[in-house]
Amino acid sequence: MSELAIRGGRVIDPASGRDEIADILIKGDRIAEVGSGLKAVDTIDAAGLWVVPGLIDMHVHMREPGGEVKETIRTAAAAAAAGGFAAVLAMPNTAPAVDKGYLVKYILSEGREARGAEVLVAAALSEQRLGERPANLSGLARAGAVAFTDDGDEVRDSRLMLACMKEAARLGLPVLVHAEEPSLVEGGVMNEGGLATKLGLAGRPAIAEQLAVVRDLLLAAEAGCHVHVQHVSVAGALRAIANAKGAGQRVSCEATPHHLVLNELACAEYDTNAKVNPPLRCEADRRALVKAAADGTVDALATDHAPHTAEEKALEFDAAPSGMIGLETAVGIVMTELVGPNVITPGRFVELLSRAPARILGLTDGGHLAPGAKAHVTVIDPKAEWTVDPSAMKSKARNTPFAGRALRGRAAATIVDGRVAFALS
Amino acid sequence: VSPADQPRSRNLLGLQGMTTAAITSYLDDTRKMKERARKAKGPLEDLAGRTCCLMFFEPSTRTMQSFATSARALSAEVTMFTAGATSSTVKGETLLDTATNLEAIGADVFVVRHRSSGAQHLMAKRLAAMARSGEAETPGIINGGDGCHEHPTQALLDMFTLYEHFGKLKGLNVVLLGDIKHSRVARSNAWGLTACGANLTFVAPTAWIPEGVEALRSNASGAGDLSVSHDIVDAIRDADAVMALRIQKERLAGEPGPPGAAFAAEYGLTAKRMAHAKESCVVLHPGPINRGVEIDSALADSPRSLILRQVANGVFVRMAALARCARPRRGAGGKP
């Protein structure tokens, strides 16, 4: 059995309350021991670095099958590992959509072969993601899906949503919702408001998100289902989620790094790399989101990594597809903009990027560093200064509005099942 | 202005953010151009030996003809490119390919109309980037209308017509009537008129007033007021000019808002309603008119109407714009 010791790093593991200099000994694909003076044949010297439970990105578009021109499971898994993520949750809006057990198995198997980050699968909620008939959720769960979602689109039909939520509740798996009321965002390409008016672009109003969140919370409460709201971006939606949590409902939500650090002004020069759904919002919403990430209203951070080709992003703003990549910038962005200025503590950072996603997805042996846990470990250099260079990325795509941004903090190594999937050279 | 920015300064992309002085100088140029053209026996020579390329990715007869007439009146060679209703996306040609092609065509000034807001901004940015990597001079781009964003020459001709008629813009009360939300003419006029000190009132059903409408007021010091009204009679009482926008019939299908007949009944500019306006109040319309929808036929043809004057002035405004935006003749020392 292979052995790996990560020595002398600052081990930050909120699950055990640990934040101290320590060694970690990995045997095979499990954590064997956390302590001092631990040795193995293979070692990583982590002096001056953080050693944290493997980060989990629960919102990644790997594009395979069907979108291989944008990204593949292999390139996305490599990009994830390079960004410090030991596990990612693949979204099912592929072509075909992941609505059958064999497709779940295909992605899991390709994910294992990719030898990057571990690839987990979210399956479609409805057949072909059309929002018409429920997919066979129990079959998808049996094949290994850990969550259900029609991400990319809101499920319009409330009856369908309720039925799917009841079935998900029976299976004990979460439903992830892309909350934007379709009739209110039809044709919209950026946040609705004065800036969209000034740019002559059609808007997607904040109320569309709040309304959809409120509906989905009500349906989930009725179904007794764990609902997870994806990429929350407006204050109104955060209030609704906080209220539901206060009332004891099983609800969680995620925020993206881009919604936390950018506002709608990123669209002011018609930069298609800043076009994303839900859109980058006004500054007041951004501030509310940062506060919510700090105070616990936001449970997890997730990138919504959405690769597109340069040709697609070279189209007019209204014609270009929505989405930006995020796997290789997330840690740097969050370290620089939130941890550096003490908006969130290092412990909260680990909570947001590892422990919470593990809890939401029911990964009982992930998100912590206790003996017996999965040997998913991320080593972070909190002082590394670097500049975002899309051409140096492992992702196939280059669509990021963060190109050229100077950051402080990045992944130094990513251990997946005891294997070094990435090490910064 | 840094040297790197100079290629961009030869573009006319919009009136948003333009200083009062810059707009005034455009209007001055137009006045001079009109005087010279009136006195001259034949075409002026300003753009002799230079090429003007009209690229229209959205159908338009009037604006294209107006620009073509203007270019020929300056002795420019005119080439035209129309993509009809097909978008560049459909053809598989990206916007930036188009920009690269613009450069390869080798014209000195481009007039571009595009259905997507911001398309010309992206093209101009691309051309400027190409210039920085070696080329000394890039051709100028004149925005002939982009999506719901800007239509600067239309607004300048509206403003010039008002300026000519009243001898001033500052302090004028102007009513803009119609679908403000989707109108590039409204946006350019709003920024331009308020920058020059005119007070503007948008009159439209709620569904046609965009969110954050105050963003359409110029932030120049001394800018005029911008207000919204839903009562056409009340709004025209103090108006010096009423500008009716063309109702885009194709819009009425999918968007919330009153259908044509309901709009005409509640907001249409009729002789009866105009009776509440001052004697001196004039009527404008960017054309083509939907007679009986946004404006009564009789009113459009009445002495109050400056509509034909607008069309005539359009040529002089566009001559001024072309002369300013064309790449200087090679060896002319960079003087525009």
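Rings of Phe, Tyr and Trp (its six-membered ring) pair if their centres lie within 6.5 Å; planes under 30 degrees apart are stacked, over 60 edge-to-face, and the rest tilted. By this rule there are four aromatic pairs over all chains. This is a predicted model, in which local features need pLDDT of at least 70 and side-chain atom pairs count only at pLDDT 80 or more, while totals for chains, interfaces and linings use all residues. Residues are numbered from 1 along each chain as its sequence is written, chains are lettered from A and ligands numbered from 1 in the order in which they are written, and side-chain values use heavy atoms, leaving out hydrogens and water.

**View 1. An edge-to-face pair of B:Phe57 and B:Phe81.** The ring centres are 5.7 Å apart, with 65° between the planes. B:Phe57, at 3% relative accessibility, is buried (under 20% relative accessible area; exposed is over 50%, partly exposed in between; 1.4 Å probe, protein chains only). B:Phe81 is partly exposed at 29%.

**View 2. A tilted pair of B:Trp208 and B:Phe263.** Here the centres lie 5.0 Å apart and the planes meet at 45°. B:Trp208 is buried at 2% relative accessible area, and B:Phe263 is buried at 1% relative accessibility. Ring pairs join B:Trp208, B:Phe263 and B:Tyr267 into a cluster.

**View 3. Charges over rings at A:Trp386 and B:Tyr26.** A charge counts here if NZ of Lys or CZ of Arg is within 6 Å of the ring centre and within 35 degrees of the ring normal. The charged end of A:Arg410 is 4.2 Å from the ring centre of A:Trp386. B:Arg324 lies over the face of B:Tyr26, 4.1 Å from the ring centre.
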